[in-house]
Amino acid sequence: MRNYLLTPPKTTGSIRTVSVDPMVMQMLQVHNVRMNKLKNEQKLLYPGYHDKGFLFRNDDGYPFNAQAIRLRMKAILKITDIKKKATPHIFGHTHVSMLAEAGVDLKTIMDRVGHDNEKTTLQIYTHVTEKMKQDADQKIQNHFADILKIDVKPE
């Protein structure tokens, strides 16, 4: 990793501001404080410590190697019941599916993941889940209860 290269994003849509859950932000802040405390010890242990402010880094200060992350994920998957081959990229797909399942509109999802073309989002990412299908039925019943003369039970 000593010869890493930080490159610009693939598209201008990749440069964006996204909201982050306050609990996640708190966890990141705790991690950052912990890493900053370790930094002084690591500087003594690793001559030439690479202090460029990476939040996720090796003990010598250099950023994690993407291949190491993939290998770690593969090792973790081996000890689970998950049989699907997966890479860290799957978390992006999962995130979008969860947003869609939560009822987040397409434009907001596109903004969040940096897509300019809705076809990209629709074709690649949105997978209709069983829960979404069930929720759609419930939403129709709730919305049109008066017309359909249905006695809707509160959720």
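These questions and answers walk through a predicted model, from its aromatic rings to its pockets and helices.

Q: How many aromatic pairs does the rule give?
A: Two rings pair if their centres lie within 6.5 Å. By this rule, the count of aromatic pairs comes to 2.

Q: Which geometry do Tyr4 and Phe54 adopt, stacked, tilted or edge-to-face?
A: The ring centres of Tyr4 and Phe54 are 5.5 Å apart, and the planes make an angle of 80°. Planes over 60 degrees apart fall in one class. The Tyr4 and Phe54 pair is therefore edge-to-face.

Q: How many residues apart are Tyr4 and Phe54, and where do they lie?
A: Tyr4 sits in the segment before helix H1 (22-45). Phe54 sits in the loop between H1 and helix H2 (66-78). The pair links distant parts of the chain, and the separation is 50 residues.

Q: Is Phe54 buried or exposed?
A: The cut-off for burial is under 20% relative accessible area. Phe54 has 17% relative accessibility, so Phe54 counts as buried.

Q: What is the plane angle between Tyr4 and Tyr62?
A: Tyr4 also forms an aromatic pair with Tyr62, 6.2 Å centre to centre. This pair is edge-to-face. The angle between its planes is 75°.

Q: How many residues apart in sequence are the parts that Tyr4 and Tyr62 tie together?
A: Tyr4 lies in the segment before H1, and Tyr62 in the loop between H1 and H2. The pair therefore ties together parts whose separation in sequence is 58 residues.

Q: Which residues do the ring pairs link into a cluster?
A: Tyr4 pairs with Phe54. Tyr4 pairs with Tyr62 as well. Tyr4 is partly exposed at 24% relative accessible area, while Tyr62 is buried at 10%. The cluster is made of Tyr4, Phe54 and Tyr62.

Q: Which helix gives the most to the lining of the largest pocket?
A: The largest pocket holds about 480 Å³ of space. Its lining has 16 residues, and Arg16, Phe91, Gly92, His93 and Val113 lie nearest its centre. With 5 residues, the helix that gives the most is H3 (residues 90-101).

Q: How many polar residues are in the lining of the largest pocket?
A: The lining splits by class. There are 4 nonpolar and 3 charged residues. The polar residues number 9.

Q: Which residues line the second largest pocket?
A: The second largest pocket has about 380 Å³ of space. Its lining is Thr7, Pro8 and Pro9.

Q: How far apart are the end C-alpha atoms of H2?
A: H2 has 13 residues. At 1.5 Å a residue, H2 should span 18 Å. The C-alpha distance agrees with this, at 19 Å.

Q: Which backbone nitrogen does a side-chain oxygen of Asn65 reach?
A: The contact is at the start of H2. The oxygen comes to within 2.6 Å of the nitrogen. That nitrogen belongs to Gln67.

Q: How far apart in space are Lys39 and Glu118?
A: Lys39 lies in helix H1 and counts as buried at 15% relative accessibility. Lys39 and Glu118 are 79 residues apart in sequence. C-alpha to C-alpha, the distance is 43 Å.

Q: How far apart in space are Glu41 and Gly13?
A: Glu41 lies in helix H1 and is partly exposed, with a relative accessible area of 49%. Glu41 and Gly13 are 28 residues apart in sequence. C-alpha to C-alpha, the distance is 39 Å.

Note on methods: Residues numbered from 1 in each chain as written. Predicted model: local features only at pLDDT ≥ 70, side-chain atom pairs only at ≥ 80, totals over all residues. Heavy atoms only, no water. Phe/Tyr/Trp six-rings, centres within 6.5 Å; stacked < 30°, edge-to-face > 60°. Helix = DSSP H or I, 4+ residues; strand = E, 2+ residues; numbered from the N terminus. Buried < 20%, exposed > 50% of the residue type's maximum accessible area, 1.4 Å probe, protein only. 1 Å grid on protein atoms, 1.4 Å probe; cavity = no way out; pocket = protein on both sides within 12 Å on 5 of 7 lines; lining within 4 Å. Points joined across faces, edges and corners; volume = space filled by probe spheres on them. Nonpolar A, V, L, I, M, F, W, Y, C, P; charged D, E, K, R; others polar. Expected span 1.5 Å × (residues − 1). Polar contact = N/O pair within 3.5 Å; in protein donor to acceptor, adjacent residues only side chain to side chain.
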